[in-house]
Amino acid sequence: MAHPTPIRRDHPAHPLQTALELAKTGVPVLPLRQGKVPFGNCRGCAGLACGGRPNMKTPGPCQCPAVCHAWAAATTDPTVLTSPAWAPAWRQAVAVAYHPGGAGLTVVDLDNAAAVAWARQTLPATRTVPTTRGEHWIYQGTMSSANQVRPGVDIKSRMSYARWLGPGTGPLADLPSAVRALVGREETTPGRGAVVSSSPGRAEWDRTVATGCRHTERYIRAGLQRGLAMVRSHTESGAGSQAFGVARFLAAQHATCPGPCGLDAIGRQIIAAAVSVGVPEAYAERAVTNGLNGMGAAE
């Protein structure tokens, strides 16, 4: 991969201009909206009703031309970046994100001063990029992405995105075993022919799976959409814990229902939301299952 070259900063570039320059160097990019988060899915892709993109953990047939599925939409193709389908997003974009794994990179996102101090004592020196609250340490090589591998530390690589904050300083070091070890068992590779995802289909909740629920459909959908939005808003850290909290809260609303209430379908949608912002699927499933069952805090 050709590593990103410095972008001129004497005049602030429009996000699309920055994205096109990055794409030329082989870095897959996408726009970020207000709040510096990806744009939401179109109606056809909402709740992964489309099945997801082919390059997602659970491969699907989606070929939507819009900026759907967060990191999975990232591209180096200038015809896509400048297409009419992406134009509305660029008009509202406030920043640019990139897909580290697609560029052959891993970003260790250090969210505060304590995390930076830990990295300086523990990890090999590499290219660093200052962030609002901490630093991004960038290594050559890819691995699984995971949030909260330790306090204030997220790993962003294969199925995640990172905000573009500049080329950084220092040479790129190879991805060290110390970083891979932070993810632990999530880094395992399934055997040949194994199913990557243990989650069943990603169908959205509907009334047909909630024949014993005492709540109205409008009430359930409104609460679920608020919960999904809360999970997706945690793009820097905490999405797994948020998924646990949302699952626990929504399950509690049905404690007095005779059932069934379709909590399995609700859980699948919460898992999908967490995965869309970089939470490893196994972790998301564990957190949501614990939340639905009223167990202790997410791991």
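Visitor: Which residues have the most contacts inside the largest nonpolar core?
Guide: First, this is a predicted model: local features need pLDDT of at least 70, side-chain atom pairs count only at pLDDT 80 or more, and totals for chains, interfaces and linings use all residues. Side-chain values use heavy atoms, with hydrogens and water left out, and residues are numbered from 1 along each chain as its sequence is written. A nonpolar core is a set of buried Ala, Val, Leu, Ile, Met, Phe, Trp, Tyr and Cys residues joined through side-chain atoms within 4.5 Å; buried means under 20% relative accessible area, exposed over 50%, and partly exposed in between (1.4 Å probe, protein chains only). The core you're asking about has 28 residues, and those with the most contacts inside it are Trp-205, Leu-224, Val-231, Ile-266 and Ile-270.

Visitor: Which element gives the most residues to this core?
Guide: Elements here are DSSP runs numbered from the N terminus: helices (H or I, at least four residues) and strands (E, at least two). H6, H7, H8 (263-276) and H9 (281-292) each give two or more residues to the core. The top giver, with seven residues, is H8.

Visitor: What does Ile-270 touch, not counting residues up to four places away in sequence?
Guide: Contact means heavy atoms within 4.5 Å. With that cut-off, the list for Ile-270 is Leu-224, Leu-228, Val-231, Ala-243, Val-246, Ala-247, Leu-250 and Val-288.

Visitor: How many residues are in the other core that lies apart from it?
Guide: Leu-22, Val-27, Leu-81 and Val-107 are among the members of this separate core. Its total is 23 residues.

Visitor: Is H6 roughly parallel or antiparallel to H7?
Guide: H6 (217-232) and H7 (239-252) have axes 9 Å apart and pack at about 165 degrees. Axes are lines fitted to C-alpha atoms, for helices over the stretch in contact, and angles run from 0 to 180 degrees between N-to-C directions. Under 35 degrees counts as roughly parallel, over 145 as roughly antiparallel, 65 to 115 as roughly perpendicular and the rest as oblique. So H6 and H7 are roughly antiparallel.

Visitor: How many charged residues are in the contact of H6 with H7?
Guide: H6 brings Gly-223, Leu-224, Gly-227, Met-230 and Val-231, while H7 brings Ala-239, Gln-242, Ala-243, Val-246 and Leu-250. Ala, Val, Leu, Ile, Met, Phe, Trp, Tyr, Cys and Pro count as nonpolar, Asp, Glu, Lys and Arg as charged, and the others, Gly among them, as polar. That gives seven nonpolar and three polar residues, and for charged ones the count is: no residues.

Visitor: Is Gln-242 buried or exposed?
Guide: Gln-242 sits in helix H7. Beyond its neighbours within four places in sequence, Gln-242 contacts Met-230, Val-231 and His-234. Its relative accessible area is 17%, so Gln-242 is buried.

Visitor: Is H7 roughly parallel or antiparallel to H9?
Guide: The axes of H7 and H9 come within 7 Å. They cross at roughly 30 degrees, so the two helices are roughly parallel.

Visitor: Where does Pro-28 lie?
Guide: Pro-28 has 8% relative accessibility, so it counts as buried. Leaving aside neighbours within four places in sequence, its contacts include Ala-74, Tyr-98 and Gly-102. The C-alpha atoms of Pro-28 and Trp-71 are 8.9 Å apart, although 43 residues separate the two along the chain. As for its place, Pro-28 is in the loop between helix H1 (15-24) and strand S1 (29-33).

Visitor: What percentage of the chain do buried residues make up?
Guide: The chain has nine helices and ten strands. Out of its 299 residues, the buried share is 52%.
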